Amino acid sequence: MKNYHMSPEEFRKQGKQMIDWIADYYDTIEKYPVLSQVKPGEIKDQLPATAPMESESMEQIMSDVNSIIMPGITHWQSPDFFAYFPANTSGPSILGDLLSSGLGVQGMLWATSPSCTELETRVLDWLADILQLPEKFKSTSAGGAVIQDTASSAALSALLAARERKTNYESNEAGCMGNLVAYVSSQTHSSVEKAVKIAGIGKNNLRLIGVDENLAMRTDLLEAAIQNDLKAGLIPFFVCATVGTTSTNAIDPLAEIGEISQKYQLWMHIDAAMSGTAAICPEYRFILNGVEYADSFSFNPHKWMFTNFDCNCFFVADRSVLIKTLSILPEYLKNQATESGSVFDYRDWHIQLGRRFRSLKLWFVIRHYGVNGLRYHIQEHIRIAQQFAGWIRESADFKLIAPAPLNLVCFAHRNGNEFNRKLLELINSRGKMYFTHTVIRDQFTLRMCIAQTNTTLEHVSKAWQTIQETAKELENMFNNNPKSE
Ligand SMILES: *Cc1c(COP(=O)(O)O)cnc(C)c1O
């Protein structure tokens, strides 16, 4: 019978070539411009406007990958990538992801692949121990954890559970009444604001609390805002504390926020998207002091823990609230295991129904590195970042703009905003490395985040050299042609 499928034999051949292609890519990644230099539309214009009617060969497809797709890639896995927060990867993670694709499992229920659920539960309990999270977050107590796609989805799940707990599960039935109030700091990630909009809380019911000189939430202002809202007859229900804000890596005072949450019965969510990973190291575990107050906690192994995007780990102290908030049981999903109540059906722990077998890549990573291997590389990243921060501190031309507690350094040249903007543009346009920026108290600030898997002190020292040379070059340009500004 005629068929167009790729045979296992052909897959074996092509698969080996693909692994070779990826290994070659990592071997030669430093030759590419880190930031893709293409113009909008440039990639699309090279792709046919209509789909092929007839089968094409893998050779033809890969030839287009090389000639059309690669120029439009920004190389997140380059050791010279210092932009945003990272999305780092590793060999074991890529292989785990490939195996997940190969098995092609859809793990919405325990019954749809018991290993998909049970491996996830076990690995997340491991992580709770590695991060020294309180027992309540483990599956062996009232809590538990689930792998979500992103920190954004985790925040939305937390917010929905908080809403239902506060309204005695009536918002799920009758819709939201518009009187619930949520609290974040002015530095909280925009995903929480998005969640507030999606969850029907309304942006007018989101309070942005001011921050201190280190850009951490001020709890005096938090409590004042709560009291204000109570006086107005509103219902405070949710606060998000951040460990490692995206702009500057600021760390909110968890214990103080936790005490206020208890006093006013707020759901406390902790967003530790990138920096939570640092708590794997005993000497940085202090960043989670106060996590015992939290109702939920999430971090992204897909940022700094060598695990391919996407992989967010979302822990809750009381899984029954989350499950009651999100569970739906149509007839076609009913099965004995679910009815017995003795299994987790993770579709009840997040927004979507279907789910990939993501715990495989996480399991591969933790087993490949071991806890000590993970600690070693995280410590190295922080050590290198601290060295870079030291160079900035000693420099006559540059200064630190915010404290650098871990692996993110926020800095600027003393010549002012326009100069710093041009400096960033010039460095990125040359493709040797890639930085992004933030604005802190009206200061245009360059950010250097050190967390790509293969970044070493040499890469960072080379970057520092380039930053200084480019600044000198720019100063000369300004001096020779001051009007061009
Ligand atoms: C990156 C980041 C997020 C969003 O991460 P996603 O997983 O892409 O949703 C949320 N919060 C903080 C603090 C972040 O740094």
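Helix α1 supplies the largest share of the lining of the largest pocket, with eight residues; helices here are DSSP runs of H or I of at least four residues, strands are E runs of at least two, and both are numbered from the N terminus. The model is a predicted one, in which local features need pLDDT of at least 70, side-chain atom pairs count only at pLDDT 80 or more, and totals for chains, interfaces and linings use all residues. Residues are numbered from 1 along each chain as its sequence is written, and side-chain values use heavy atoms, with hydrogens and water left out.

The largest pocket holds about 370 Å³ of space. A pocket is an open set of points on a 1 Å grid over the protein atoms alone, where a 1.4 Å probe fits and protein lies on both sides within 12 Å along at least five of seven lines; lining residues have an atom within 4 Å of a point. Points are joined across faces, edges and corners, and the volume is the space filled by probe spheres set on them. Of the 17 lining residues, Phe11, Gly15, Met18, Ile19 and Leu98 are the closest to the pocket centre. At least two lining residues come from each of α1 (8–28) and α3 (91–103). Sorted by class, the lining has nine nonpolar, five polar and three charged residues (Ala, Val, Leu, Ile, Met, Phe, Trp, Tyr, Cys and Pro count as nonpolar, Asp, Glu, Lys and Arg as charged, and the others, Gly among them, as polar).

Turning to the ligand, its shell has 14 residues, the closest being Ala151, Ser152, Thr246, Asp271 and Lys303; a residue belongs there if one of its heavy atoms lies within 4 Å. Helices α5 (151–166) and α10 (301–304) each give at least two residues to this shell, which splits into three nonpolar, nine polar and two charged residues. A polar backbone atom of Ala151 sits 2.8 Å from a ligand oxygen, and an N or O atom in the Ser152 side chain is 2.5 Å from an oxygen of the ligand. On the nitrogen side, a polar side-chain atom of Asp271 lies 2.5 Å from a ligand nitrogen atom.

Most residues other than glycine have a negative phi, and most peptide bonds are trans. Phe309 and Asp310 are joined by a cis peptide bond, with omega about 5°; Asp310 is in the loop between α10 and β7 (312–316). Arg441 has a positive phi, near 45°.

Terms used
Polar contact = N/O pair within 3.5 Å; in protein donor to acceptor, adjacent residues only side chain to side chain.
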